[in-house]
Amino acid sequence: MASKADSSNFAQAEKRRDTDHESFLAHKRMRWLKISAVLCLIVVISYFLVDVEPRHNGGTWYGYTLGTIGALLIAWLSVLGIRKRNISEGKWSLKAWTSAHVYLGLALIVIGTMHTGFQLGWNVHTLAWALMMLVIVSGIYGISVYAALPRALSNNMREMTRKQMVEGLAALDRQLDSAAQPLDRMEADAVINATQQDAFRAGLLARLTGSYPRCATKRALKAFPDGALNKHEEKVASLLRKRKSQLGQIRRHMRYKALLEVWLFVHIPATIALLAALTAHIVSVFYYW
Amino acid sequence: MPETYRVAIVGSGPAGLSAAARAAQLGMSHILIEKTDHLSDTIYKYQKGKHVMATPSNLVLRSDVDFDAGKREFILDTWDRQIEECKANVRLNSEVTAITGTTGAFTIEIKGGETIQAEAVIMAIGTQGNPNKLRCPGADMPHIQYQLDDPGEYFDEQITVVGSGDAGIENALGLAADPAQRNIVTILNRSAEFARAKPANVTLLEEAERDGRISVRRETTPTDVRDKQLVLETRDGAETIPCDRIIARTGSQPPRGFVEKCGIEFTSEERSAFPKLSPSFETTQQGIHVIGALAGYPLIKHCMNQGYDVVEFLNGNADLKPADEPILAEKFSALPGNRSVDEWLEVFRENIVILRELSPLQMRELMLDGSVAAFDAGDVIFVRNDPGSSMFAIAEGSVSVEVNPADTSITVPIGRGSIFGEVGLISGRRRGSTVRAAEPVITLELSRTAALKLLATAPTADRAVRQITIERQLLQMFGSGLTPQDVTEMVEAAEAVEIRAGQNVIEEDADDTDFYVIQRGSMIVEKTIGGKPVFLSYLPAGSYFGEMAVIDGNRRSATVKAAIKSEVIKFPGDAFMRLLERNPKVRERALADMASRRQINAFVEERKESFSGAVDMYSETAKFLIDNGIGEATDVLLIDETLCVGCDNCEKACADSHEGLSRLDREAGRTYAHLHVPTSCRHCEHPHCMADCPPNAIKRGADGEVFIDETCIGCGNCQRNCPYGVIRMDPKPPKKPSLLSWLMFGAGPGPGEASYSWRKKTAQKKGLEQAKLAIKCDMCAGIDGGPACVRACPTGAAIRVAPEKFLTFTKLAEDVD
């Protein structure tokens, strides 16, 4: 029968339903931004207050401390990829994780750089630092597109799913196919070229910029200049214009998705390389102690 | 003089064929009459290869014919073989058109003019009914069919589909799907719109029309069916089209009319009513018995058991205990007192007021759906804010209700014979107060379905429950201090009013003074500001409104209209005024409520002056959400598209938390002002999916979630009944390799829902093919941490909200960036 556990479940669910919807950047009133800022402040102030001989570098007690904190942070930050995919029970929230990931990751700029004592060179240690900066920079790009693009993505969808967009295109193609029957050879070929061009075969550049200079639909439209069109041609031209606009929606969708995802192709491989370089850095440091 | 059978069995479904097998076994002279050319038409019409379930699993099968869960073909083969083996007397292709006579001498008329004489009749015709025929000359032509089993069978034909419902549209689409079949398909619609069909089907049809694959004729009816031709009446006059085949999908006639014509009474005028039956399934027309789905038992096992039982009764076996006896015995074994099943049934029926008019058969059925429990003095029966849609009745003892959450010592007693928990049943809302046993008590808990069935079949029970509900709602709304005597005047003057979605209950500036309580559904309050209606607030079931005009005597300050189909209780304003005059405390409370409502309204109006855009946005967003079912929701997933990056981690998390299938479709659904309502369960207050679930597998769980339990038979009714399309039918997929082995070695399909082909192939390889069952969101009940979709959202776009908390100005107008 009803017990305390049930009412606490209710309380928990009520709390969940009560939560304001905040983005990962504003999670819990910027809790992780505050923590990271304090962390950075402590590191920066102590960097100038602590006097180590002969000068700041990774090999002093202070450098080791920062290095340990940094290495632990990197290890923990890279676990996000697993957290995201391992849907286990428990009160974790991926939004909280992302929030912490973002702000603690940014704090690494200060921690990692102070750890080097600005002694950079052509060696495995600097490689690790450079990879870390690469990961962070790609991450900053990620934050900015996550903040900026969702609205555009949503506006462009106009309540259509990806499947509906593709089906919309296929439906237009079927209509074009039958509407083009009475046309002459040259016009018909232009239509066939347009409908047969694979909308999804596009290079990385086309995807990211959204510009498709070799678009067969655009070219086909040129075969039907305004004025001087008979009834059949007018119908085909109008269908081609619809096709162009449908293609435009699909291409914009692909562009936003590509912009939202492309950085991960740097961020994640660079993270893996960073973990390798970090291991090499740590092993070599202790080997040559 | 033709032979007179001892018993004629009409209908050869599970119930009828089980009865015929029993009669054959007993050597009783009998005839089994079937309309079609095969046994058991309903099961026969199931999709090929469908896995038929055998629930409830705790009920033993008592029949001479075997039945167990399995493929449709296997079950039909078994039945055909066993009916032949037991030498049952079967007559196929015989549609019964009338049954006349009295017990001992019935005449059964068969279509075509023949008659059959029988001493007794068993009607087991199910609820499928007869398809509506075309109402025009030539409606009996052989090229008209009412069913389309396989659209792939027809080639090179001119086919006309009549009917604009989902069945008609799906048939037309199926016939036109493959151009290689070269069919010319036309669909006729009497009106201009396809209002009865699902929007998705209408979209597909319109697309097919644009493509020229289907010719859609609106405002057109068939007027004459000829060989190879069909005459149509269109808006512009008569027209004749070539036509080789007509598929008529214009709905079906429920069998009730036929049953009533045979002299059988039903329990009520309600569509959901069943024939009145004695414990031995005899109807009000002596000698005619009704069993199976027509009697209200849609499950195959029940039907077969009843077929056996009814023949035993006819054979004079008066001692036969129904097959559910052991189930009831087990139910009652938990109660103190060591009474027999029959004694307990009598105790419950005698003591509980609302059950007194039930027959023993109805009592048994009710007890099967209900659960009984004994509590010691002081035991908690339910706690305030528990979700619960069941109703309790007290068979022995009494309970006390803690009416004031702040002070548990203030209680109201409820005695033997009465009921409690009815507010949860009627409003679909959480329990309003904690109830404890005041002395040792024996209760009967009726699930929502069982309770609704009871109220539909027993009018006195319905009246009693309504009266009690109104009285208690008034007492509860205004807190302590009121006694039932105080509200007697109000209760007597109360009038229940059904309100359509969108219908106004109160209109701004009107000068009526009625006072209302929302019993079921919800309302929205709107005020016209600057010529535009502005959404002020949302009122859930259990709230009252209309008090302002009563108290201050002014005209109505705002419009109140139904967000969804609702029921309100209307009280005359002067009765409410007298109640306030007699009870200063209640008056104080009402004034305080009124002041806070005024404040909210004033706040929104003020904003309208300075932040007109924000108020419009708020108002429009609130209306959009209500149009999308949030008004009847209890807990709904929303996606803030200013934050959503489209990673689909919510869907993946859903699939990985639930046997590998996602119960939400993020992309699908409507969007307004970047607020997206995905295709996902709203956990409605009065779930549409529960309406017609043969095994009663859909329930409301401990956290308010609507879920489907393991007794699902995969019939798909819930999927069809859900207006939001959130239920899918799929077999449980095989287990995926672990996340680690995917990360390390790329084993399996990775996180989220595996592709259909992977699921199918792997299941085949492992020999784990399963029946398609209904699956839907269960709000991650029983999973620590709560809904996985929300937990797994990396940006905070996915939120789950309750309407009464979310449909407020602060929540909707807040800026999330």
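The span of residues 354-472 of chain B is 34% helix and 29% strand, and its end C-alpha atoms lie 17 Å apart; helices (H or I, at least four residues) and strands (E, at least two) are DSSP runs, numbered from the N terminus. The UniProt record (an unreviewed entry) places the feature "domain: Cyclic nucleotide-binding" at residues 354-472 and 478-597 of chain B; such annotations may be inferred rather than shown by experiment.

This is a predicted model, in which local features need pLDDT of at least 70 and side-chain atom pairs count only at pLDDT 80 or more, while totals for chains, interfaces and linings use all residues. Residues are numbered from 1 along each chain as its sequence is written, and chains are lettered from A in the order in which they are written.

In chain B, the axes of helix 12 (residues 448-457) and helix 13 (residues 459-477) come within 5 Å and cross at roughly 115°; axes are lines fitted to C-alpha atoms, for helices over the stretch in contact, and angles run from 0 to 180 degrees between N-to-C directions. Helix 12 of chain B is therefore roughly perpendicular to helix 13 of chain B, a term for angles of 65 to 115 degrees. B:L454, B:L455 and B:T457 of helix 12 meet B:P459, B:A461, B:D462 and B:V465 of helix 13, where contact means heavy atoms within 4.5 Å.

Chain A averages a pLDDT (the predictor's confidence in each residue, from 0 to 100) of 89, and 93% of its residues score at least 70. Among the elements of chain A, the mean pLDDT is lowest in helix 1 (residues 4-18), at 57, and highest in helix 5 (residues 94-116), at 96. Over residues 1-7 of chain A the pLDDT is below 50. Where pLDDT is low, the predicted coordinates should not be read in detail.

Helix 5 of chain A packs against helix 2 (residues 27-49) of chain A at an angle of about 10°, with the axes 9 Å apart. The two helices of chain A are therefore roughly parallel, as angles under 35 degrees count. Residues of helix 2 in this contact include A:W32, A:L39 and A:Y47, and those of helix 5 include A:Y103, A:L104 and A:M114.

Two backbone features of chain A lie in loops. A cis peptide bond, with omega of about -10°, joins A:E53 and A:P54, and A:P54 is in the loop between helix 2 and helix 3 (61-77) of chain A. A:E159 has a positive phi, near 65°, in a residue other than glycine; A:E159 lies in the loop between helix 6 (124-157) and helix 7 (162-179) of chain A.

How values were computed. Heavy atoms only, no water. Parallel < 35°, antiparallel > 145°, perpendicular 65-115°, else oblique.
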